[in-house]
Amino acid sequence: MSRRESPPPPSPPPPPQLLGVRRGEVECEDRPERAEPLSDAEREIIQDTWKHVYKNCEDVGVSVLIRFFVNFPSAKQYFSQFQDMEDPEEMERSSQLRHHARRVMNAINTVVENLHDPEKVSSVLALVGKAHAIKHKVEPMYFKILSGVMLEVLSEDFPEFFTAEVQVVWTKLFGAVYWHVTGAYTEVGWLQVSSSAV
């Protein structure tokens with residue numbers, strides 16, 4: 001090939017897949033390992049436990065976000081509307097925080113309801129990842145942290161449903177979600193997938 005010839009364009013990646021199936025050749029050194037796909041029994045466990053949570057989605061979402069912001073105040077830097085709030089009671093009264101809590105819970109609900117449809121879930125997570133990378137410029141590590149906080153709150157608020165065995169299944173789901181979200185970050189050229197900002 002001469003200096004003036006351009007290399008052939010790279011071939012497009014294969015369509016994204018959900019829950020442990022390779023999402024193209026987009027890889028990043030800091031990107032987590034792919035999770036094993038969820039089994040039918042694990043999908044059923046997630047959907048059964050989620051029904052109980054989603055009945056109170058706004059209140060649960062608010063509890064999750066308050067704990068997230070209290071324990072990881074650096075995350076508030078991405079939310080101008082409540083980044084100066086320190087008091088959990090003030091956060092609980094915030095209509096903006098409640099609105100974001102509903103959005104988070106509705107996104108998780110979309111994932112849970114569509115676990116049988118990998119293309120749909122991959123599409124939803126790609127949109128979430130790209131929006132947070134490009135528009136909001138949120139460090140991707142916060143998704144992993146938020147998943148841990150959410151599991152902690154769900155285990156405390158719903159101990160009869162979130163047994164140790166169920167928590168293992170949800171951890172597997174959140175690992176897959178994080179894998180797909182970081183894939184979206186990588187696709188848009190985000191160079192730093194891990195963070196020490198916390």
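Axes here are lines fitted to C-alpha atoms, for helices over the stretch in contact, with angles from 0 to 180 degrees between N-to-C directions.

This is a predicted model, in which local features need pLDDT of at least 70 and side-chain atom pairs count only at pLDDT 80 or more, while totals for chains, interfaces and linings use all residues. Residues are numbered from 1 along each chain as its sequence is written, and side-chain values use heavy atoms, leaving out hydrogens and water.

**Stop 1: the whole chain**

Show the cartoon. The protein has seven helices and zero strands. Helices (H or I, at least four residues) and strands (E, at least two) are DSSP runs, numbered from the N terminus. Of its 198 residues, 43% are buried. Buried means under 20% relative accessible area, exposed over 50%, and partly exposed in between (1.4 Å probe, protein chains only). Take contacts (heavy atoms within 4.5 Å). Among those between residues at least 6 apart in sequence, 75% join residues at least 24 apart.

**Stop 2: H2 against H4**

Select 57-71 for helix H2 and 95-113 for helix H4. Two packed helices are described by the angle between their axes and the distance between the axes. Here the axes of H2 and H4 come within 8 Å and cross at roughly 105°. H2 and H4 are therefore roughly perpendicular to each other. The H2 side of the meeting includes Cys57, Val62, Leu65, Ile66 and Phe69. Across from them, H4 brings residues including Leu97, His100, Ala101 and Met105.

**Stop 3: the core**

Now pick out Phe68, Phe69 and Trp170. These have the most contacts inside the largest nonpolar core, which has 51 residues. Such a core is a set of buried Ala, Val, Leu, Ile, Met, Phe, Trp, Tyr and Cys residues joined through side-chain atoms within 4.5 Å. Helices H1 (40-54), H2, H4, H5 (118-135), H6 (141-157) and H7 each give two or more residues to this core. H6 gives the most, with 10 residues. In soluble globular proteins, nonpolar side chains tend to be buried together.

Stay on Phe69. Not counting residues up to four places away in sequence, Phe69 touches Ala75, Lys76, Phe79, Phe82, Met91 and Leu97.

**Stop 4: Ser94**

Select Ser94, in the loop between helix H3 (88-93) and H4. At 5% relative accessibility, Ser94 counts as buried. A polar atom of its side chain lies 3.1 Å from the backbone nitrogen of Leu97. Beyond four places in sequence, Ser94 touches Phe82 and Met85.

**Stop 5: Tyr185**

Jump to Tyr185 in helix H7 (residues 164-187). With a relative accessible area of 0%, Tyr185 is buried. Which backbone oxygen lies 2.6 Å from a polar atom of the Tyr185 side chain? That of Val138. Leaving out residues up to four places away in sequence, Tyr185 touches neighbours including Gly129, His132, Pro140, Phe143 and Trp190. Draw a C-alpha to C-alpha distance to Val128: 9.7 Å in space, against 57 residues in sequence.

**Stop 6: Lys137**

Finish at Lys137, in the loop between H5 and H6. Is Lys137 buried or exposed? Lys137 is exposed, with a relative accessible area of 53%. Check its backbone. Most residues other than glycine have a negative phi. Lys137 has a positive phi of about 55° although it is not a glycine.

Methods:
A polar contact is a pair of N or O atoms within 3.5 Å; within protein, one must be able to donate a hydrogen and the other to accept it, and residues adjacent in sequence count only if both atoms are side-chain atoms. Angles under 35 degrees count as roughly parallel, over 145 as roughly antiparallel, 65 to 115 as roughly perpendicular and the rest as oblique.
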